[in-house]
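Here's a quick look at a model you can follow along with.

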Amino acid sequence: MEFMLDTANIADIKKYVEILPVVGVTSNPSIVKKEGKVAFFDHMKEIRSIIGESRSLHVQVVAKDYDGMIKDAETILNKIDQKVFIKVPVSEVGLKVIKELKRRGVNVTATAIYTKFQAYLAIAAGADYIAPYFNRMENMGIDPREAIFEMAQEIERTDSETKIVAASFKNAGQVNAALESGSQAATMGVDIIQQALAMPSIGQAVDDFTADWEAVYGADTNLA
Ligand code: E4P
C-alpha cells in the first residue's frame, strides 16, 4: 500500500512524515483554502522541502480551459520542480491536457474520478495515478468498491503502469475498503488517522500492560 497525506498543513505534514510511512502529499484548491491565503508556491516548496524528493508531491491545476490548465501545469513545474505530479480533473478538456502532459513526459495524477468510464479514459491517456473519490461516490449512490475493483482489473487487462490512489475518505473503513478492492494507494486527511488511532481500547490495552509490568517490577524499572 502507498500511503499519502491529503493536506497542505505544514505542521501536520511535518508530524506525520515522522510517524507514518508516507510516500506522498496531495492537495486540491479546497484543501489549500483551509490554510488561508498562503503564498501558494512558497507553501508548496516548503512541503517539498519537508517530504524531500523521494516522496511524491501532487498539485492541482486551477484553470478550467485547455490553455489555462497547460499554463498552470508549466507554472507549477517551473516554480516547484519538474517531479511534481500535476493533478488534472478527468473532464473532456482535462483528458486533452493529460494527453499533452504525458506527451511531454510530465507526471500526472488524474483526479475528480466518480465513474469507471472516467478511470478507463485516464488509464488509456497514460495517467500515472487515477484518483477515484470514494466518499463522494458513495454519496452519489455509486459503489466505489465495485468501481475500484474494475479499475484495478482494467489496469491489469491493459498491462498499464497507472496506479489507483483512492481519495475523498471520511473514515478508516472506507480506506480499508478501497485498498481491499484493489487500490494501490490511498490519500487521506490526518483526521482519518487521528480518529482511527484514538480508539479508547488501544489506550486501555497500553495502560493495562503498564499496570501489569509495574505490579511485578515497580514503576521505575524498564527493559533497559
Ligand atoms: C484528493 O486530493 C481529492 O481531491 C480529495 O481527497 C477530495 O476529498 P473531498 O471529497 O473530501 O473533498
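Where does the ligand sit? In the largest pocket. One thing to keep in mind while you look around: this is a predicted model.

## Who surrounds the ligand

The residues around the ligand are D6, T26, N28, K87, Y133, R136, A167, S168 and K170. Sort that shell by class and you get two nonpolar, three polar and four charged residues.

## Polar contacts and cover

Now zoom in on some of the charged side chains. D6 has a side-chain N or O atom 2.5 Å from an oxygen atom of the ligand. For R136, a polar side-chain atom comes to 2.6 Å from a ligand oxygen, and K170 likewise places a polar side-chain atom 2.9 Å from an oxygen atom of the ligand. As for cover, the ligand on its own has 340 Å² of accessible area, and the protein covers 85% of that.

## Aromatic pairs

Next, the rings. Searching the whole structure turns up five aromatic pairs. One of them joins F40 and F41 in an edge-to-face arrangement, with 5.0 Å from centre to centre and 75° between the planes. F40 counts as partly exposed because its relative accessibility is 26%, which falls between the 20% limit for buried and the 50% limit for exposed.

What about F134 and F169: how is that pair classed? Their ring centres are 5.7 Å apart and their planes sit at 35°, so the pair is tilted. That angle lies between the cut-offs, since stacked needs planes under 30 degrees apart and edge-to-face needs over 60.

Technical notes: Residues numbered from 1 in each chain as written. Predicted model: local features only at pLDDT ≥ 70, side-chain atom pairs only at ≥ 80, totals over all residues. Heavy atoms only, no water. Near = heavy atom within 4 Å. Polar contact = N/O pair within 3.5 Å; in protein donor to acceptor, adjacent residues only side chain to side chain. Areas by Shrake-Rupley, 256 points an atom, 1.4 Å probe, with all protein chains shown as cover. 1 Å grid on protein atoms, 1.4 Å probe; cavity = no way out; pocket = protein on both sides within 12 Å on 5 of 7 lines; lining within 4 Å. Sits in = over half its atoms within 2 Å of the grid points. Nonpolar A, V, L, I, M, F, W, Y, C, P; charged D, E, K, R; others polar. Phe/Tyr/Trp six-rings, centres within 6.5 Å; stacked < 30°, edge-to-face > 60°. Buried < 20%, exposed > 50% of the residue type's maximum accessible area, 1.4 Å probe, protein only.
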